[in-house]
Amino acid sequence: NRQAYVAERVRSMNDSVVRDADRIHEAINKDLKIGFRYFHYSPATGNEKRYSKSGNQYIVSPYALLWNNGNYYLYAYDSEKQKFRYFRVDRMENIGNPLPYRRDGREAYQEKNITNQKAKVFDMFSGTEYTVRIRFRNELADAVVDHFGKDVGMFPYDDEHFLIQVPVEISPPFFAWIATFGRRVKILSPEPVVEKMRDFLQKSMDMYKEEG
């Protein structure tokens, strides 16, 4: 009963990720927590590893593994933050055997539909969730289905456009995805998301203005 979910295309994994995934699956099946160190790369240190939490161990309750853009992610409940988080498996180190502690967050996980979770989240960036109304040109129906799934509701707007209304966790990758389509896509509501989109585009434009 390995709870792995596929999202987009799969790339090859190295042996350490396969081994670590096995340990995570073991913890999930035994309803136990796991511990690990988590890192990012930093150009300031010559692309050396920079550890989160000052190198201290994360202890989380693992619930699922997901593929996204060729990367393997752990979906786990962080009791310290009291919320679910994503961790890239290839950036997790020192994953040992399952810890002798039962998982937290069981009720919260049961309330989530993990197969729909990917549609809300762009590139595994979590954020505040809004129900967003978006207008697309008709030729973008394939792109909408590719991301939100074949059951997404698409409603006629005019002869050239359709609307969708979907839950989205707002993040910079979401705005970048919208911007990819240029004038063929427009966020219509709610106003806080529209304003954040304006701010995202304005900051991008400001960066390319000639100085002086």
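**View 1. Strand S10 and its bridge to Val132.** In this predicted model, Val132 has Val166 of strand S10 as its bridge partner. A second pair is formed by Arg137 and His161, the latter again belonging to S10. Altogether, 9 bridges join S8 to S10, and these two strands run antiparallel. S10 is mostly covered, since 7 of its 9 residues are buried.

**View 2. The hairpin between S9 and S10.** Strand S9, which consists of residues 155–156, is joined to S10 by 2 bridges, and the two strands run antiparallel. Phe155 is bridged to Leu163, a residue of S10, and the hairpin that leads from S9 to S10 passes through 4 residues.

**View 3. The four-stranded sheet.** The strands follow the order S9-S10-S8-S11 in an open sheet of 4 strands, and their pairing is antiparallel. S9 and S11 stand at the edges and each has a single partner strand, so one side of each is left without a neighbour in the sheet.

**View 4. Helices H4 and H5 against the strands.** Helix H4 lies across S8 and S10, and its direction makes an angle of about 20° with S10. Helix H5, for its part, lies across S8, S10 and S11, running at about 130° to S11.

**View 5. The largest nonpolar core.** This core has 22 residues, and those with the most contacts inside it are Ile134, Phe136, Phe148, Ile164, Phe174, Ile178 and Ile187.

**View 6. The surroundings of Ile164.** Ile164 is one of the residues with the most contacts inside the largest nonpolar core. When residues up to four places away in sequence are not counted, Ile164 touches Val132, Arg133, Ile134 and Phe136, and also Val144, Phe148, Val152, Gly153 and Met154. Two of these neighbours, Ile134 and Phe148, are themselves listed among the residues with the most contacts inside the core.

Definitions and conventions:
Residues are numbered from 1 along each chain as its sequence is written. This is a predicted model: local features need pLDDT of at least 70, side-chain atom pairs count only at pLDDT 80 or more; totals for chains, interfaces and linings use all residues. Side-chain values use heavy atoms; hydrogens and water are left out. A nonpolar core is a set of buried Ala, Val, Leu, Ile, Met, Phe, Trp, Tyr and Cys residues joined through side-chain atoms within 4.5 Å. Buried means under 20% relative accessible area, exposed over 50%, partly exposed in between (1.4 Å probe, protein chains only). Contact means heavy atoms within 4.5 Å. Two strands pair if DSSP finds at least two bridges between them. Axes are lines fitted to C-alpha atoms, for helices over the stretch in contact, and angles run from 0 to 180 degrees between N-to-C directions.
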